[in-house]
Amino acid sequence: MMIWAWRPNRHRRYRRPKWALALCTALVLLGGLGRGWWAGLMEPAEPQPALALALLGKTIVIDAGHGGFDPGAIGVNGVLEKDVNLAISQRVAALLRQVGANVVETRTSDTALADSKRADIYRRVEIAEENRAELFITIQANSIPQRQYRGAQVFFAAGSTEGQGLSESIQQSLVQVLQNTDRVAKSIENIYVVNKLAIPSIVVETGFLSNSAEEMLLADSRYQQLVAYAIFLGIVSYYSEQPVSGF
Ligand SMILES: [Zn+2]
């Protein structure tokens, strides 16, 4: 469920990932899983040195949407978005830490960050600013009245080419890993967390809680790990295209 409106603001930096290389990175990582799909994902392959370097020391905010008094969307069978968001976020954070990223989680339990929804959202942005983060990734789940729609989808601020690159990288990974959606990354306007920050800031909608089958998947810990791994691979692919600096 989405957040709330704000005046858009454009990001300036521009480095476009090269898709062939990003795909190779994802395939190398997936190939390394060896024993297959579920089992491999529960115990990710040993990170490769070059990939570890790509994320070493990068400060990335992983924002589990909602929490505490704010459940977010409520699934048709009662699954709460805040719980799905937290479970997937914690798995993404753990994977990123394995390759040396400096991960900042906005929450690690079922709590809101402030007493009001507005203050809670402000606080999430402040956390990114205080930590001088390079990326802000909010993990959400969707809900709409039409129950047939499903599929994970990534959103970026209109006009942010870096946000677009990151979003497309993660979307491509979600499509390949989950094999249940052909959605494409889309720009979005008037969303506070993606428009307020000067860094690439994106929304990962992991699926639709309004679709009963997808709701059940999103509540399943193995599927949560799969989604997290897809998001992680997308981030790695994005960074593997960036020039290494600081060495
Ligand atoms: Zn939400």
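Trainee: Which residue in β2 is the bridge partner of Val 61?

Mentor: In β2, Val 61 has Val 104 as its bridge partner. Strands here are DSSP runs of E with at least two residues, helices are runs of H or I with at least four, and both are numbered from the N terminus. We're looking at a predicted model, in which local features need pLDDT of at least 70, side-chain atom pairs count only at pLDDT 80 or more, and totals for chains, interfaces and linings use all residues. Residue numbers run from 1 along each chain as its sequence is written.

Trainee: OK, and how many bridges join β1 to β2?

Mentor: There are 4 bridges between β1 (residues 59–64) and β2 (residues 102–105), and the two strands run parallel. Another position to look at is Ile 60, which stands opposite Val 103 in β2.

Trainee: And which residue is the bridge partner of Ile 60 in β3?

Mentor: That one is Leu 135. Strand β3 (residues 135–142) also runs parallel to β1, joined to it by 5 bridges. Further along, Ala 64 is opposite Ile 139 in β3.

Trainee: Is β1 buried or exposed?

Mentor: With 5 of its 6 residues buried, β1 is largely enclosed by the rest of the structure. A residue is called buried if 20 or more other C-beta atoms lie within 10 Å of its own, exposed if 12 or fewer, and partly exposed in between, with C-beta atoms placed from the backbone.

Trainee: Zooming out a bit, what order do the strands of the sheet have?

Mentor: The order is β2-β1-β3-β6-β4-β5, in an open sheet of 6 strands with mixed pairing. At the edges are β2 and β5 (186–188), each of which pairs on one side only. Pairing needs at least two DSSP bridges between the strands. On average, neighbouring strands of this sheet are turned by 30 degrees against each other, direction ignored.

Trainee: What kind of β-α-β unit do β1, α4 and β2 make?

Mentor: They make a right-handed one, with helix α4 being residues 81–98. Right-handed says that, with the strands pointing away from the viewer, the path from the first strand over the helix to the second runs clockwise.

Trainee: Switching to helices, which strands does α6 lie across?

Mentor: Helix α6 (residues 161–178) lies across β3, β4 (153–157) and β6 (201–208), and runs at about 175 degrees to β4. For that angle, axes are lines fitted to C-alpha atoms, for helices over the stretch in contact, and values go from 0 to 180 degrees between N-to-C directions. Of the 18 residues in α6, 14 are buried, so the helix is mostly covered.

Trainee: How many residues of α9 are buried?

Mentor: 18 of the 20, so α9 is largely enclosed by the rest of the structure. Ser 221 belongs to α9, yet Ser 221 is exposed, with 10 other C-beta atoms within 10 Å. Between Ser 221 and Arg 91 there are 9.9 Å in space, C-alpha to C-alpha, although they are 130 residues apart in sequence.

Trainee: Last topic, confidence: what is the mean pLDDT of the protein chain?

Mentor: The mean is 85, and 77% of the residues reach 70 or more. This pLDDT is the predictor's confidence in each residue, from 0 to 100. Over residues 4–40 it is below 50, and that stretch has 66 contacts in the model beyond near neighbours in sequence. Here a contact is two residues whose C-beta atoms, placed from the backbone, lie within 7 Å.

Trainee: And what does the secondary structure of the protein chain come to?

Mentor: You'll count 9 helices and 6 strands. Of the 247 residues in the protein chain, 49% are buried. Among its contacts between residues at least 6 apart in sequence, 80% join residues at least 24 apart.
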